[in-house]
Each structure stands twice: as structure tokens, then as C-alpha cells.
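Subject: Structure handover

Hello,

Here is the structure for you to look through. My notes on it come after the structure itself.

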Amino acid sequence: SNQRVVGYALESLATGMSATVVVGQTSMTSSNLGLDAQGLTFPRSVAVDTERLIVIDSGNERALGYSADSLELPPPVAADTPYGDIDLNGPGGATCLANELSTPLGAVVAGTRLLVADSLNHRVSVWNDYINQGAGASADLFLGQTNGVTCSVPGAPAANLLMAPEGVWSDGTRVAVVDTDHYRVLIWNSFPMVSGQAADLVLGQQDMNSAVLDDGAWGMEFPSAVTSDGTVLAVADKDNNRVMIWHSWPTQNFQEPDVVLGQAALDATLTAPDDDSGDGITDGAPSARTMDAPTGVLLHGDLLFVAERDNNRVLVFRGTRR
């Protein structure tokens, strides 16, 4: 809601530290809505590799690409490539076309590919060579839809359908998508080759045709983000105010997570925000162990970052493996 992305020096992580990079604003103290190459409107998430920063500029219906070199410059930092928009001069069209996005919310870079959770088009849009794409280029592949011009709302859940996906992760082989309004995460064990390809595995539901809200301790309630390092998998289970962690890559539908963060135990009765006492009731103030609406997760080495929306903070956990 400050209409910006802020960057921090990883080698000097400390509580309350100052940011060293700002994107979307002219200074560290401004918070203006922006429409052009230098501005952002309600940015939602980021994706990175060694060459590029991708910012999901959700309010402008687009994803913006920045070169790594541009982040070394003083603000304002200018994007050089829009995804989901024909140019950098204003918001995208928010329509169901192969080169547009409608309320994008999450993204990941996997090798040469860029995957964007195109939420209100009920799909994940995939650019196979995102670094060399020009402005207005169409995505090459779609998950949740069979083509780039159909964005139908699914009547019932299935292995090849998505409803308002918010998060996506991939390592270039496997893909995990947070199918938010079906209260689940879908997993493809090999990278999909055709649009509308069915997923192999589901977490949060007992089977591919179920969409039960918070089905017991292993269920989910409006999950919002997913991350992995190739072995550990973590899901931000937003409305249950927790992060669910699998220490090895799941192999079964509805598999039980190994660890839960933000709650005292993996229990269907423990879902309240900021419940440090573990009695199922909000304590009224956050602690280092509690969460209130986690909306983002990222594994980086032995660190797990959790963007915690309603407490206006990012939590950092060290040592996420057993």
C-alpha cells in the first residue's frame, strides 16, 4: 500500500533495518500511485533471477521487468519490459487475451520461463523466453485454461482447472500453483507441455474434485503463496494464519505437512490470528511466533521469509529443515 518494492542487504539482516533499494517511487519517503515505467499501483509480489527483477504491478494489470543494473541506480528506477501490457505508459487492458493479465498476483522465474498467476483470468500465464520478449508479447502456455482467449470460471474443481490462483512456483521442471478459491495447491511433477494440462497432485483437498474450505488440520483456507528450494515446500495458508511446510517434496494427495508456523500446532481448531497462547483465540497483539494473514513466502538458502500482510511486517525464520 506504499506503492513500492523495497530491497534490503541480505548480509546484514536485522530487525527494523533500513531498505537500500526502492522501486516504484522517487524516494524512500514517497508513496504515490504510478502508471508509467517508474511507477507502481498496489504491487503484490516479486520474482528474481541473476539478471532480472519482475514486479507484479497488480493494480496496473501488468508485470514489469527491470534489469539488475538498473537497481544500482538512484530512484526513480525505470522498468524496461511490460508483460501483460503493450507498453509502459499506463495500465494493461485486464482482458482475456494471450498478451494481457487481469489482477495478476504472483510470479516466479524458472530458467528462461516467467510464470504469472493471472488471478481473475483463472489461469497461470507462461512466457517461455521472458528475457527476450518484447512489450505486448503473448504468453506461450496457460495452466487452468485450454488456450489464451478463454478465461472461463470453473463450475467445479478438476485437475486441469484453476479459480483465482494467487501464487506459483517452479524450478523449470516441477510446478506448484496456489489455486486460492479452490482452497488447494496443485502440483505438476513435470513441466506442462500443453495449455490446460491436468495436475498430478493436490494438497489441501482429498482429491482433485473437492473444494472443501479448511477440511481439518491438513486443509487450507484461501492459501495465497507457495515456495520451494526443490526439496522443502512451504505454503502460506492465509486465512488460517499459518505457513504449512513439507520437508520433502509431497508424493500423495492431501499429504500431511511436517511443520506449521504461526500456530501452536497443526490443529483444525487453531486458526486464529496472533494466537501465541495456542488456545484458538486472538491474543490482541502479534509475537515472534504468530501470524495475521500471511500472503507471501520465499525460501532462500536456509532462510524462510514470510510476508505478513495484516501485521505490516516480514518474518524471517532460520533453519527450515529438520
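In what order do the four strands S11, S12, S13 and S14 form an open sheet? The order is S11-S12-S13-S14, and the pairing is antiparallel. A strand here is a DSSP run of E of at least two residues, numbered from the N terminus (helices are runs of H or I of at least four). Two strands pair if DSSP finds at least two bridges between them.

Before going on, please note that this is a predicted model: local features need pLDDT of at least 70, side-chain atom pairs count only at pLDDT 80 or more, and totals for chains, interfaces and linings use all residues. Residues are numbered from 1 along each chain as its sequence is written, and side-chain values use heavy atoms, with hydrogens and water left out.

The sheet S11 to S14

S11 (167–170) and S14 (201–203) are the edge strands, each pairing on one side only. From one strand to the next the twist averages 20° (axes are lines fitted to C-alpha atoms, for helices over the stretch in contact, and angles run from 0 to 180 degrees between N-to-C directions).

Take the pairs in turn. S11 and S12 are joined antiparallel by four bridges, and Ser 170 has Val 175 as its bridge partner in S12. Four residues lie between the strands of this hairpin, where Gly 172 takes a positive phi near 95°. S12 and S13 are antiparallel over five bridges, with Val 175 opposite Trp 188 in S13. These two strands also form a hairpin with four residues between them, and Tyr 183 in the turn has a positive phi of about 60°. S13 (residues 184–188) is joined to S14 by three bridges, again antiparallel; Leu 186 has Val 202 as its partner there.

Strand S12 (residues 175–179) is largely enclosed by the rest of the structure, because five of its five residues are buried. Buried means under 20% relative accessible area, exposed means over 50%, and partly exposed is in between (1.4 Å probe, protein chains only). In a regular strand the side chains alternate between the two faces of the sheet. In S12, Val 175, Val 177 and Asp 179 are on one side and Ala 176 and Val 178 on the other, and both faces are covered.

The nonpolar cores

A nonpolar core is a set of buried Ala, Val, Leu, Ile, Met, Phe, Trp, Tyr and Cys residues joined through side-chain atoms within 4.5 Å. The largest has 32 residues, of which Leu 115, Val 124, Val 175, Val 177, Val 185 and Ile 187 touch the most other members. What is Val 185 in contact with, leaving aside its neighbours within four places in sequence? Its contacts (heavy atoms within 4.5 Å) include Val 177, Leu 203, Met 220 and Val 235. Another core, of 16 residues, lies apart from the largest one, and Tyr 83, Leu 101, Tyr 130 and Phe 142 are among its members.

Salt bridges

The whole structure has 11 salt bridges (a side-chain nitrogen of Lys or Arg within 4 Å of a carboxyl oxygen of Asp or Glu). In one of them, the side chains of Arg 44 and Glu 166 meet at 3.0 Å, N to O. This pair links distant parts of the chain, 122 residues apart. Arg 44 is partly exposed at 31% relative accessible area, whereas Glu 166 is buried at 11%. Arg 44, Glu 166 and Lys 238 are linked in a network of salt bridges. Another salt bridge joins Arg 184 and Asp 179 at 2.7 Å, N to O, and both of these residues are buried.

The disulfide

The count comes to one disulfide (a pair of cysteine sulfur atoms within 2.5 Å). Cys 96 and Cys 151 form it, with their sulfur atoms 2.0 Å apart. Cys 96 lies in the loop between S6 (81–83) and S7 (104–110) and Cys 151 in the loop between S10 and S11, so the pair ties together parts that are 55 residues apart in sequence. Cys 96 is partly exposed, at 22% relative accessible area, and Cys 151 is buried, at 17%.

Regards
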